[in-house]
Amino acid sequence: MKIVVTGTRGIPNVMGGVETHCEELFPRLARRGFDVTVVRRGGYVSDGLTEWRGVKLIDIESPKKKSFEAIIHTFRAINRAKRLGADIVHIHAIGPALLAPYAKALGMRVVFTHHGPDYDRDKWGRAAKTMLKLGERMGCMFADDVIVISDAIRNLVKRKYGKEERVHLIYNGVSQPEVCDCPEYFSELGIEKGKYILGMCRFVPEKNLHHLIEAYAKIKNEQSKGKNTSDDIRLVLAGDTDFEDDYSLRLKEMARRNGVVLTGFIKGRKLHSLLANCRCYCLPSSHEGLPIALLEAMSYGVKVVVSDIPANLEVGLDSSDYFPVGDVDALADRLRDVMERPLEHVGYDMRKYDWEKIADQVAYVYRSFR
């Protein structure tokens with residue numbers, strides 16, 4: 001069975017939740033006997049790969065402009081899928097799903113993975129939000145099967161479109177943690193094991209990293225006035241932005257003014273060492289589908305502090321791990337508590353986020369077309 005995947009910027013080592021999802025999932029499906037091709041956006045990859053871990057890779061150019069990039073690339077990818085004789089086009093995210101009816105009209109089956117209501121993201125204007133909502137509708141109404149990554153999204157699909165049949169709840173996953181140390185990297189960053197708070201995500205408004213910096217600055221200001229808080233905890237932000245804009249530039253300047261460590265986009269041993277040795281991981285975002293970065297942090301057994309949005313609540317953390325989204329004072333209180341308590345290891349139940357189980361569930365969806 002030939003599967004062509006679109007809606008992702010590409011794999012491997014491309015920043016983003018959908019990209020991490022595809023990087024983990026599709027090599028596992030290739031090992032299960034599926035002929036998988038991922039169509040990548042040329043502007044995000046320069047590795048020259050045509051195959052990776054059993055997955056075929058095709059690069060197609062598209063304008064690197066956030067308003068048009070995804071839809072133009074998806075149109076070209078669907079045309080390529082038809083020429084390749086694809087049995088199934090697997091579309092990721094609601095923007096690209098706008099073209100689900102087009103793929104159906106060309107005679108291919110369509111699987112659509114809904115990663116979250118992207119029209120809630122702050123970066124989009126009114127016209128873009130309208131098109132994203134239309135994309136969600138087209139994906140939900142025209143795809144043969146819809147995969148949702150959280151119960152919150154499943155409820156959304158049921159409420160808005162009355163759709164329950166052939167809607168599959170298949171969670172995002174997380175790999176086994178690679179616990180390691182990277183002392184030379186820590187020395188380069190000027191940090192110590194167990195003495196930093198980690199934020200790890202893209203630098204976009206809805207992640208609310210500015211709130212994290214504000215909360216950290218509030219605590220550091222208290223320290224300067226002699227209040228009793230551990231005074232050697234740093235804040236490390238791992239990530240970057242796809243499109244440098246006013247927000248990302250302001251965020252980086254804000255970080256530099258407040259002594260925050262910026263790593264840029266990292267993968268591999270450097271990232272694993274940061275996850276393994278942080279005092280806590282913080283995700284203050286106002287919008288998520290089911291955040292892989294949070295699951296990754298949990299897999300390392302680190303304390304987490306996250307906003308109380310539905311996607312984060314669905315993970316089922318202790319109430320002390322949540323704070324009201326947008327409340328900088330409450331976030332500072334949570335972080336202060338983490339700073340003042342001994343370093344702890346938390347045993348989370350990660351069984352339902354097993355990528356092998358997830359790959360089996362997606363394979364079942366594909367095989368239902370036979």
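This report looks at one helix pair and the cavities in a predicted model.

## How α7 and α12 pack

Two packed helices are described by the angle between their axes and the distance between the axes. Helix α7 covers residues 209-224, and helix α12 covers residues 328-340. Their axes stand 9 Å apart, at an angle of about 60°. α7 and α12 are therefore oblique to each other. The crossing of α7 past α12 is right-handed.

## Who meets whom

Which residues of α7 meet α12? They are His-211, Leu-212, Glu-214, Ala-215, Tyr-216, Lys-218, Ile-219, Glu-222 and Gln-223. On the α12 side stand Val-328, Asp-329, Leu-331, Ala-332, Leu-335, Arg-336 and Met-339. Sorted by class, this contact holds 9 nonpolar, 2 polar and 5 charged residues.

## The largest cavity

How many cavities of 30 Å³ or more does the structure hold? There are 2. The largest cavity contains about 80 Å³ of space.

Its lining includes a run from Arg-202 through Phe-203 and Val-204 to Pro-205. Thr-241, Asp-242, Phe-243 and Asp-245 also line the largest cavity, as do Lys-66 and Lys-123. By class, the lining of the largest cavity has 4 nonpolar, 1 polar and 5 charged residues.

## The second largest cavity

The volume here is about 50 Å³. Arg-279 and Lys-303 belong to the lining of the second largest cavity, together with Val-338, Arg-341, Pro-342, Leu-343 and Glu-344. Val-338 also falls within the span of α12, residues 328-340. The lining of the second largest cavity counts 3 nonpolar and 4 charged residues, with no polar ones.

Methods: Residues numbered from 1 in each chain as written. Predicted model: local features only at pLDDT ≥ 70, side-chain atom pairs only at ≥ 80, totals over all residues. Heavy atoms only, no water. Axes fitted to C-alpha atoms, helices over the stretch in contact; angles between N-to-C directions. Helix = DSSP H or I, 4+ residues; strand = E, 2+ residues; numbered from the N terminus. Parallel < 35°, antiparallel > 145°, perpendicular 65-115°, else oblique. Left-handed = near helix turned anticlockwise from the far one by under 90°. Contact = heavy atoms within 4.5 Å. Nonpolar A, V, L, I, M, F, W, Y, C, P; charged D, E, K, R; others polar. 1 Å grid on protein atoms, 1.4 Å probe; cavity = no way out; pocket = protein on both sides within 12 Å on 5 of 7 lines; lining within 4 Å. Points joined across faces, edges and corners; volume = space filled by probe spheres on them.
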